[in-house]
Amino acid sequence: FSSLSYLWKYGFDRIKIDRSFVQALELNRTRSVELIESIVLLGARLGMKVTAEGIETEEQAQMLSNLGCDHLQGYLFGRPAPLALQKANDAEVKSA
């Protein structure tokens, strides 16, 4: 549960689009696109970045990018991992 009043009450700098909206692209593309466009517009008007989560396909990534999302998250880009493992991978890449 969330309320739009929190956007007014607290100084958020980001809106996150829940993965359920991304998954709904497969079920009802028109309605889902309308909702996502509205969220992106709200974020832009309030000076907030918009992150979409739950991206699993290239098609979803392209569509959400085209709709104006600033950041994308999901299994397409990587699985959740412990921070220590991520730091070790980052160090390995830097030393290569």
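User: What share of the 96 residues of the protein chain counts as buried?

Analyst: In this predicted model, 23% of the 96 residues of the protein chain count as buried. The cut-off for that label is a relative accessible area under 20%.

User: Why is Thr51 called buried?

Analyst: Thr51 has a relative accessible area of 2%. Buried means under 20%, so Thr51 is buried.

User: Where does Thr51 lie, and which residues does Thr51 touch?

Analyst: Thr51 belongs to strand β2, which covers residues 49-52. Leaving aside residues up to four places away in sequence, Thr51 touches Arg14, Ile15, Lys16, Ile17, His71 and Gln73. A contact here requires heavy atoms within 4.5 Å.

User: How many helices and strands does the protein chain have, and in which order do the elements run?

Analyst: The protein chain has five helices and three strands. From the N terminus on, the order is α-β-α-α-β-α-β-α.

User: What makes the protein chain more spread out than a compact globule?

Analyst: For 96 residues the globule rule gives 12 Å, whereas the radius of gyration of the protein chain is 16 Å. That value is well over the rule, so the protein chain is more spread out than a compact globule. Along the principal axes, the C-alpha trace spans about 45 × 35 × 25 Å.

User: What percentage of the contacts with a separation of 6 or more comes from residues 24 or more positions apart?

Analyst: Such residues account for 49% of those contacts in the protein chain.

User: How many positive and negative side chains does the protein chain have?

Analyst: There are 11 positive and 12 negative side chains, and the centres of the two sets lie 7 Å apart.

Methods: Residues numbered from 1 in each chain as written. Predicted model: local features only at pLDDT ≥ 70, side-chain atom pairs only at ≥ 80, totals over all residues. Heavy atoms only, no water. Helix = DSSP H or I, 4+ residues; strand = E, 2+ residues; numbered from the N terminus. Rg over C-alpha atoms; globule rule 2.2 N^0.38 Å. Buried < 20%, exposed > 50% of the residue type's maximum accessible area, 1.4 Å probe, protein only. Lys, Arg positive; Asp, Glu negative; His and termini not counted. Charge placed at Lys NZ, Arg CZ, Asp CG, Glu CD.
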